[in-house]
Amino acid sequence: MPAGSCKLPHMNKAVAKIDRIISGGQTGADRAGLDVAIELKLRHGGYCPARRRAEDGAIPAHYQLIELASREYAERTQRNVVESDATLILCRGELRGGTRLTRQFARRYAKPLLVVDLAENDPEAVQRVHNWLSEAEITTLNVAGPRESQNPGIYDQSCLFLREVFTRCS
């Protein structure tokens, strides 16, 4: 980012109407969405399985997530899609498992959905997300994607991408 351009925690106008980011708190893209929200001083939240279940143990308490009675990931995935205005999936390659289920729920409930394949290194991806967020009525954004163990490095790549989306001057 060039000197004098947008810096954290200033958000650009294209995405300034987003005031809450939610996710299920799983490692990887979910956790990146929550961490960037915290960094940007946005409200964050979402639903997580009972006992704050994630692949790395209990989801840390500083994430403001609502625990469901069920330990099943599918229930929290569905709730986060339904409770958000739209879902942004950050992935690398083909959607599998819970990420694919997220897309299915978004389609079932006719919720706006954008899938960004970070492996494509598309220089227009950030602008595409800007345009999508600007055109849609989105204040609560669900961020989803693969867990870290299934896609090593997706957390860091998702954080970088989300920071650019939310802070780059367009």
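The model is predicted, with local features needing pLDDT of at least 70, side-chain atom pairs counting only at pLDDT 80 or more, and totals for chains, interfaces and linings using all residues. Residues are numbered from 1 along each chain as its sequence is written, and side-chain values use heavy atoms, leaving out hydrogens and water.

Let's start with helix H2, residues 73-83. Helices here are DSSP runs of H or I with at least four residues, numbered from the N terminus. Which residues of H2 are buried? They are Tyr73, Arg76, Thr77, Asn80 and Val81, where buried means under 20% relative accessible area with a 1.4 Å probe, protein chains only. Seen down the axis of H2, these residues fall within an arc of 135 degrees, so they line one face of the helix; the arc is taken from the directions from the helix axis to the C-beta atoms.

Now, the partner of H2. H2 packs with helix H3, residues 97-108, at an angle of about 40 degrees, and their axes are 9 Å apart. Those axes are lines fitted to C-alpha atoms over the stretch in contact, with angles running from 0 to 180 degrees between N-to-C directions.

Who touches whom? On the H2 side we have Ala74, Thr77, Gln78 and Val81, which meet H3 residues including Leu101 and Phe105; contact means heavy atoms within 4.5 Å.

Last, H4 (residues 125-135) and H5 (residues 154-167): their axes come within 9 Å and cross at roughly 55 degrees. That makes H4 oblique to H5. Among the H4 residues meeting H5 are Val129 and Leu133. Thanks, everyone!

How values were computed: Buried < 20%, exposed > 50% of the residue type's maximum accessible area, 1.4 Å probe, protein only. Helix = DSSP H or I, 4+ residues; strand = E, 2+ residues; numbered from the N terminus. Parallel < 35°, antiparallel > 145°, perpendicular 65-115°, else oblique.
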